[in-house]
Every structure is written in structure tokens, then in C-alpha cells.
Amino acid sequence: MTKRNRVQSVLGAAALAFVLQACGGGNDPSNTGTAGTGSPQGTAGTTGSAGTTGGAGTTGSAGTTGSGGSGLFSPSCTGLTTAAAAEPTKGGACVAADPQLCYKTCGPEKQGAKSETCTGGVYAEMSGCSFDPATNFACYKIPAAANTVCPAGTPQASTDCTADHCVVCNSTGGLPGGGYSDSGGAAKVGYCVCQVANSAGKRTWSCASDTAWPCPAGAGC
């Protein structure tokens, strides 16, 4: 009985060893699986170059404007018409539908303004000439002594001249009480300046009466 048990024990051990060997064969390193391959990585896109910035445009220089064209004296009578198809003017007829107030230029080089007001069916023009108090009128300063550079005789408005601009002249070298001739040849008490050349290169006298001159009351005078 003991011998039979030993034989059975030996056979059982052998069977167990066989089973273990069979299971171990599935873990042989030579049977290792190959790694899966991933999809290829895409290349990065190229970056576009920055656009060029346009250069700034040049700014035009401001034009000069006489006080008569400033916002202080508006609207201008120029270009306005009444029911009679005429521009508002001193003594002209006017009705309620017409411009009731507008301004015309006056003074040397049109630096001032005077109003035309519809009153009682007629345009009444203010006396004298108004000037913008914010404008410097040093160019029209009346000299303390006669300007020796002024030409001899009496200057006439709108005729040719050669004196320096901003040199005040009249029949007495620019002194108060001296006179000039208007464009029609009529004698007036006042002053003149020789304007800068126009587009054609022509220089002419610009004159105004002493009651339509910005100095001595204006700024810079």
C-alpha cells in the first residue's frame, strides 16, 4: 500500500511539472509582439509675412483769411440774393423772406466787416468797419513819423505799387490826416498798404478810410 502511494505521488509531481512548463512557454521573450505604429505627425504651417504700412499723407498748409471771412462775422452777404434777385446791399429793398442780416468785407485787404441789416423794408449798413479783436493788426500800425519809403504824392487804390508790405502810406507818409484816392479817383482821408503779389505777380494799393482802419484801436497797433 505504501509503495502504491509513492508511485502516485511521483506521477502527480510529473504531471504538475508538465503543466507548469506548458504555461511558461506562452511567456517566452522571443514571442514579444511588435509595437503599433502611430500616424505620422504633420509638419507645422508657414507663417505669413506682415503687410507693409502705408506712409502718412502730407498735410496742406492753412490759407490766410481776413477778419471779414472769420466766423465772427457771418453769414457773408456774398452769394446771398433777395426776392428782387439782388445781393443785400446798402439801401436795397428787403422783405421778411430775405436775409435779415449779413456782412460785407471792409478795411485794408478786406480785414474787417460791416453789417447789412433789413430794417423797415430797406437794408441799413453800419457805419465804420468792425475788426476781430483776436487778430493781430500790427501790419497796419500808424507810424509816429512819416515813412520815408512811401512814394511821393498820393497813392490811389487798386493801382500798382512797390512799397514793402505793412508799410502804411498816404499823402503824408502814413501820418494821421493824410489822404489817398479811391479807385475812382475821389479824395479820401485814410491810409494804404501795398499788397503782396497776386497769382499774376501784380502788387496794388489796398486803401481804406481812417474810420475803416484797424489801428490805432486794434490788437497789435
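Tutor: Let's start with a rule: rings of Phe, Tyr and Trp (its six-membered ring) pair if their centres lie within 6.5 Å, and planes under 30 degrees apart count as stacked, over 60 as edge-to-face and the rest as tilted. This is a predicted model, where local features need pLDDT of at least 70, side-chain atom pairs count only at pLDDT 80 or more, and totals for chains, interfaces and linings use all residues. Residues are numbered from 1 along each chain as its sequence is written, and side-chain values use heavy atoms, with hydrogens and water left out.

Student: OK, which residues do ring pairs link into a cluster?

Tutor: Phe131, Phe137, Tyr140, Tyr191 and Trp213. Searching the whole structure turns up 5 aromatic pairs.

Student: Why is the pair of Phe137 and Tyr140 called tilted?

Tutor: Their ring centres are 6.5 Å apart and their planes meet at 45°, so the pair is tilted.

Student: And what makes Tyr140 and Trp213 edge-to-face?

Tutor: Here the planes stand at 90° and the centres are 5.8 Å apart, so the pair counts as edge-to-face. The pair also links distant parts of the chain: Tyr140 is in the loop between S3 and strand S4 (179-181), while Trp213 is in the segment after S6, 73 residues apart. Strands (E, at least two residues) are DSSP runs, numbered from the N terminus.

Student: Are Tyr140 and Trp213 buried or exposed?

Tutor: Both are buried. Buried means under 20% relative accessible area, exposed over 50%, partly exposed in between (1.4 Å probe, protein chains only).

Student: Why is Ser206 called buried?

Tutor: Ser206 has 10% relative accessibility, so this residue counts as buried. You'll find Ser206 in strand S6 (residues 205-209).

Student: What does the side chain of Ser206 reach?

Tutor: It gets to the backbone nitrogen of Glu109, at 2.7 Å. A polar contact is a pair of N or O atoms within 3.5 Å; within protein, one must be able to donate a hydrogen and the other to accept it, and residues adjacent in sequence count only if both atoms are side-chain atoms.

Student: How do you know that S1 and strand S2 pair?

Tutor: Two strands pair if DSSP finds at least two bridges between them. S1 and strand S2 (residues 112-119) are joined by 6 bridges and run antiparallel. Across that pairing, Tyr103 stands opposite Ser115 in S2.

Student: What is the order of the open sheet?

Tutor: S1-S2-S3, 3 strands with antiparallel pairing. Strand S1 (101-106) and strand S3 (122-125) are the edge strands, as each pairs on one side only.

Note on methods
Helices (H or I, at least four residues) and strands (E, at least two) are DSSP runs, numbered from the N terminus.
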